[in-house]
Amino acid sequence: MRVDVAFTPAEHKSAPVGVVVDVLRATSTIAQALASGYERILCCREIDDARALRARNPDSLVGGERNAVRIDGFDVGASPREFLEPRAKTLILSTTNGTTAILDAAAHCETVLLGSLLNLEAVGRTLRAREADAAILCAGFKGTFALDDAYCAGRIVELLDAERSDAAIAAGLVARAFPVAHAGLTARTYGPPGLEEDIAFCARESVVDVVPRFAGREGPAAVVVAD
């Protein structure tokens, strides 16, 4: 087994298994929503795609953000704390970085999983069981390197007894540079303020046992379910 890491979306790395990481907040939010009882998440690149899917799925919940601000007219934003109880079977979601990263990963990897600190041990266990080469794909921040995602990627790398690429070695070094997860997520210098409660929530480790998995497409959206 070999593990690689893509620190930015532009790297477009492929592997039998891709693990998308957008720890603040999309992959954390999706893991929490599925753990809470949502049956599927429709992940959209564009706001208009989410609105169109909502029109075709009137019983769904639509959520999303741009620059950490809830999209006008949507039911909820993209905080994982908004999904502690299921309000529908289907959640339609569009975010600044994460949902696009999921769609891009599906074009380059045979299997796409979603990783975060919330489901850290479950992701590691799943990857070890599959014994396939894996690429951990950081969603980044508006196309650039995101330290919080690199930290989370490194935490996943550290769980695997696998041959490591140079990028995977670097991610492991980033993870080991911070004594606790909260420090790893707050070291970043980019992104909007005001996410302190969500950062604290997303810094909790292995509190859900769900591994979200790309299961196909519904129109322009990636369908994500519990693996």
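The buried residues of helix α5 are Leu147, Asp148, Asp149, Ala150, Tyr151, Cys152, Ala153, Gly154, Arg155, Ile156 and Val157, where buried denotes a relative accessible area under 20%, exposed over 50% and partly exposed in between (1.4 Å probe, protein chains only). The model is predicted: local features need pLDDT of at least 70, side-chain atom pairs count only at pLDDT 80 or more, and totals for chains, interfaces and linings use all residues. Residues are numbered from 1 along each chain as its sequence is written, and side-chain values use heavy atoms, with hydrogens and water left out.

Because 11 of its 12 residues are buried, α5 is largely enclosed by the rest of the structure. The helix covers residues 147-158 and reaches 16 Å from its first C-alpha to its last, close to the expected 16 Å; the expected span is 1.5 Å times one less than the number of residues. Helices (H or I, at least four residues) and strands (E, at least two) are DSSP runs, numbered from the N terminus.

Strand β1 (residues 2-6) is likewise largely enclosed by the rest of the structure, since four of its five residues are buried. Strands pair if DSSP finds at least two bridges between them. Four bridges join β1 to β8 (residues 134-138), and these strands run parallel; Val5 stands opposite Ile136 of β8. Two bridges join β1 in parallel to β9 (residues 163-164), where Glu163 is the bridge partner of Arg2.

**Aromatic contacts**

The structure holds four aromatic pairs. Rings of Phe, Tyr and Trp (its six-membered ring) pair if their centres lie within 6.5 Å; planes under 30 degrees apart count as stacked, over 60 as edge-to-face and the rest as tilted. One of the pairs is Phe7 with Phe145, with centres 5.6 Å apart and planes at 55°, so the pair is tilted. Phe7 lies in the loop between β1 and β2, Phe145 in the loop between β8 and α5, 138 residues apart. Phe7 is buried at 15% relative accessible area, whereas Phe145 is partly exposed at 37%.

The rings of Tyr151 and Phe178 have centres 5.9 Å apart and planes at 85°, so this pair is edge-to-face. It links Tyr151 in α5 to Phe178 in the loop between α6 and α7, 27 residues apart. Tyr151 is buried, with a relative accessible area of 1%, while Phe178 is partly exposed at 21%.

**Salt bridges**

A search of the whole structure finds 16 salt bridges, each a side-chain nitrogen of Lys or Arg within 4 Å of a carboxyl oxygen of Asp or Glu. The table lists examples.

| Pair | N to O distance |
|---|---|
| Arg25 and Asp198 | 2.7 Å |
| Glu205 and Arg155 | 2.8 Å |
| Glu158 and Arg164 | 2.9 Å |

Glu158 is partly exposed at 31% relative accessible area, and Arg164 is partly exposed at 27%. Salt bridges that share partners join Arg25, Arg81, Glu197 and Asp198 into one network. Arg25 is buried at 9% relative accessible area, as is Asp198 at 4%. In the pair of Glu205 and Arg155, Glu205 is partly exposed at 35% and Arg155 is buried at 18%.

**Cysteines**

The count of disulfides, defined as pairs of cysteine sulfur atoms within 2.5 Å, is zero. For Cys138, the nearest cysteine sulfur is that of Cys152, 8.1 Å away; Cys138 is buried at 3% relative accessibility. For Cys202, the nearest is also that of Cys152, 9.6 Å away, and Cys202 is buried at 0%.
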